[in-house]
Amino acid sequence: MLTSRGGRWTMLLWVAPAVLLLLVFVYFPVVDNLRLSMFRWNAFSPSEQWVGLDNYTALAADPIFWSSLFNNVAYAIVSVVFQVGGGLVLAAVLEELVRGRLKGILRTVYFIPAVLSLTITGLLFQFMYNPQIGLVNGLLDVVGLDSWKHSWLGESATAIWAIIAMSQWQSIGYVAVLFIVAMQRIPRELYEAAYIDGATRAQAFVRITVPLVREMTLLAMIITVSGAFLVFNEVQVMTAGGPNNASHTLGTWLYKSAFFNDQMGYAAAIAVVIFVITVTAAIVQLFLGRGRAVQY
Amino acid sequence: MASTIARRLNVLKRGGDVASSFWQTVAYLLLAVLAVAIIYPLIWMALNGFKSNAELFGDPWGLPTTWRWENFEKAWSLGVVRYLANSIIVTGASVVSTVLFSSMAAYALTRHRIPLAGPITVLLLGGMMLAPTVALIPLFRLLQTLGIFDTYWALIILYTAFRIPFSVFLIRAYMITLSREIEDAAVVDGANRWQIFWLVVMPLSRPIIVSAGLLHALFSWNEFVFALVFINSGDLKTLPVGLLAMQGRVLSDWPVLFAALTMASIPMILLFLAGQRQFIRGLAEGIGK
Amino acid sequence: MTSAAGIRRLSQPLGVLIATVAIAVGACSGTASPTTAPASAGGASADPGATAAGQLEGSISFLHKYSDPRYAPYFEEVVAGYMAANPNVTIDIQAESDQGVKDKLRILAASNSLPDVYFSWAGDFTKKFVRGDLARDLTTDVTGEWASSFTPAALEAYTYDGKLYGVPITLDAKYLVYNKEMFAANNVSIPTTLEELLATCDTFKAAGVTDPITFGNVNGWPAIHFMTQLNPYYVPAETMSADYDPATGAFTDPGYQKALEAFADINTHCLSQGANGITHEAAQAQFLAGRSPMHYIEAVEFFALTEQGGAPADLANNWEFFKLPAPADAVGDTGYLTGAPDGFLVNPGSQHPEIAIDFLRYLTSIDNASKMVSDLGWLSPVQGSATAENTFEQNVRVIEDIATAEGMAIWLDTVTHIDVANAYLNGVQAMLDGTKTAADVVNDIQSAADKAKAETQ
């Protein structure tokens, strides 16, 4: 062990910057949130007013809080199905069926939306969903499905789903690449042996690929689910939570409560809820995934 | 036996029976549709930057009649150049600080038996579960107290703090697997810890460092919430927030906005295309472990 | 291998360089350098009325909501003119958008970084700054010649409990503009009652026009402006002003529901469908392109309909305006006109209130006000600033119309407490969507009013 000179304690200096930054800017705010959520205050109030758990009872009674939570859950479920599930299938198809340069090109193409800022894709899709000049309605026109046309971002019923759809467009390639990385570590011999035994591609996928990318699946799920509960950027840019607060997620509702509705204590309470949900989800997933290490 | 195997392998090589080539066609079709679905909106976005307002409203599908580069010039001067510069500054600085502090911490944790290693590791990695949005309101007041509200520092420090957990996770997982022979040799040669870190460990960790740096750059370049709330001066806005402000300004001149969006997309796309191999290799070596 | 090494080796000194630049820039980013603007062609002259101008020293920050590249240059020029006349003063401009300024102001207020001079709508929007001790009492600062240069109604709008808190710089009113050619082609005359308006819309629809009144409501306020005009028609004036005051708001008068139902009628007969997904500006493009005969806009937007403002020639000389007509059986006051001044407040914590006030005086001098009228086509509360010489004819008629209005109905979403405003904004969007009825919305408004009352006690 290289702890000869200077002693072990001076090594603490090496972790000090990281630890300090985290304590001050990441951990302290979490605690402070709890405190702030017990007050009623806003930008214009001369002083803070202690209200105990009132903000939380208001939260429980607030229909917009529940619809925001619902939107986040919907986001998570759809994202897991399309990004993790769809990404896995897409990766398998790319790996198995496509060869050479075409594979590299397709992989790049699918991945590009993921490097674009959510603001860019949000604004782009705002135009795509425009009822008059957008591509989505235009496409429906062209294929003769006029009756399916909607003001996608302008109707309470469709707004959040339109946003969720955009998110899948953006991220499916990213998750697929993660899976490709994992799949490339699977030895070819396993597949060859299976084919010789008469397995179809689909069976090989289910029996070999899926189990052996288990760790990556877990990672992808954690990323997707926590991302779904923290979503803010795309919603804020595309609808700012409207129409009529129908497309709010917890993140945007927090922002609106704090900086539009003049209720910062209430917003802090929302933040505490988001915190509890994301930490619980992460712990649960880690726990479930803590199985045997993948063995070839 | 051998002939059976050979026969079966031949069948497989020929692509199998009709059913499997049907599925293959279906698969190719889906891949193609997906590729179009992903690329076409981006092309549409770029083309729209060349149109005039009337063209955009009149014929959304069509090609521009004349190629109006002036839209791009206007977008550039309306602020895209400033927003790009700010994003570069903030991302560049925070990539350096994040990778540096994370590597130092990972090095200390994996190479030395420091006191409180356990709690410190949990602290650093546990930070991955804490999200920027959650910290918004308390940070508000904290930044005011520290006097860095509405400065580059606010973003640089915050981005570093919030990305250290993930970077430590990546770098640490990699460093754990490095063999110690070279380092032991260096110690024997009389090198101190700092030298060992810079001259031995870091070069050996190059793939994961690049990967961590690229991932951080991606996060920082696209970060929105903090940039929205903690930066007020128009001069300091980063790209995501600046683009949104632009949407509010050029309310009636949409081709200029499309031009801005197109120009804003290019740096990251180029960076990705150039660094693709490193990025994926780094991911493979880091996450795959 | 080498390329990766190359990246890393390159990124190290590059990183150091970037960090150094960041430190250097970050250190001075707090006090951004003053905005320099192109020298204006003789417009922004130094105000002779400004006292001992050259002696003022210091720097202030100035936040406005006119970041639109059509309007921002005017403010840059005025600021440049002021700084030229006061060489020891620097003014830092913060330009926001109309929608962006709404949350930006709150962020700034919450972080104790409100600029010295900042924009605020009239009504409870300003009142809440007053309640939070974030607006300076300007009663003793705006006096004498300066005070009497304004139309009294404009100062009224920023006066609370007898004290003046803001300096108005524009005058605005909301009208239906119409395309004369399309009206003539369909033998339609200007409707004088609400019922006639609905019939007019039907006529247009029968003739194949899809959106008789082009309308986009993404941010919610365009619909609220309709409500701002309809409420005074259906609710008696004193009841209405009592309800708009958060301390006494109840909204129990049946007229509020009737007003919402009237708007629902207008929506069915006249407005673009799916408007919650269309921006106000996109809707305006339809009017400019001659595809819709009517559009409900503010007088400050009239400029965009003129040739100088960039409208297509066949529209530019082809439009007129009228007030949204009242129903034939209106119980309220039909003399009310939707509109309000826009203005600026001064931060009581400002280090240089004297500069702030002097700058506002400069901004509202007759020269700069006239410049605003001719450059931007906006109307100013400074009397005499708009004449037939420096602005287009419709603007002159707007001034006359405002002068004859019995009262100004301030925008519903800024005149009321934010909770009531939100209830209206969200409720009306839901009505357009079909997910709520007028009765539902009234319920929401009433509970919001109760909540606001509790809060302002």
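In this predicted model, 13 residues of domain 1 of chain C are in contact with 14 residues of domain 2 of chain C, two residues being in contact if their C-beta atoms, placed from the backbone, lie within 7 Å. Helix α16 (residues 393-404) of chain C gives the largest share of the side of domain 1 that touches domain 2, with three residues; helices (H or I, at least four residues) and strands (E, at least two) are DSSP runs, numbered from the N terminus. The C-alpha centres of the two domains of chain C lie 28 Å apart, and the bounds, which come from an automatic or database domain assignment, are 53-172 + 339-399 for domain 1 and 174-338 + 417-455 for domain 2.

Residues are numbered from 1 along each chain as its sequence is written, while chains are lettered from A and ligands numbered from 1 in the order in which they are written. Local features need pLDDT of at least 70 and side-chain atom pairs count only at pLDDT 80 or more, whereas totals for chains, interfaces and linings use all residues.

Within chain C, the axes of helix α9 (residues 221-234) and helix α18 (residues 418-433) come within 9 Å and cross at roughly 100°, the axes being lines fitted to C-alpha atoms, for helices over the stretch in contact, with angles from 0 to 180 degrees between N-to-C directions. The two helices α9(C) and α18(C) are therefore roughly perpendicular, a term for angles of 65 to 115 degrees. In this contact C:A223, C:I224 and C:M227 of α9(C) meet C:Y424, C:L425, C:V428, C:Q429 and C:L432 of α18(C).

Chain B has 13 helices and zero strands, and 77 of its residues are in contact with 68 residues of chain A. Helix α13 (residues 254-287) of chain B gives the most to the side that touches chain A, with 11 residues.

The table sets out contact surfaces by residue class, where Ala, Val, Leu, Ile, Met, Phe, Trp, Tyr, Cys and Pro count as nonpolar, Asp, Glu, Lys and Arg as charged, and the others, Gly among them, as polar.

| Side of domain 1 of chain C that touches domain 2 of chain C | five residues | six residues | two residues |

Strand β7 (residues 174-179) of chain C runs antiparallel to strand β10 (residues 319-322) of chain C, joined by four bridges, and C:L176 has C:F322 as its bridge partner in β10(C).

Technical notes:
Parallel < 35°, antiparallel > 145°, perpendicular 65-115°, else oblique. Pairing = 2+ DSSP bridges.
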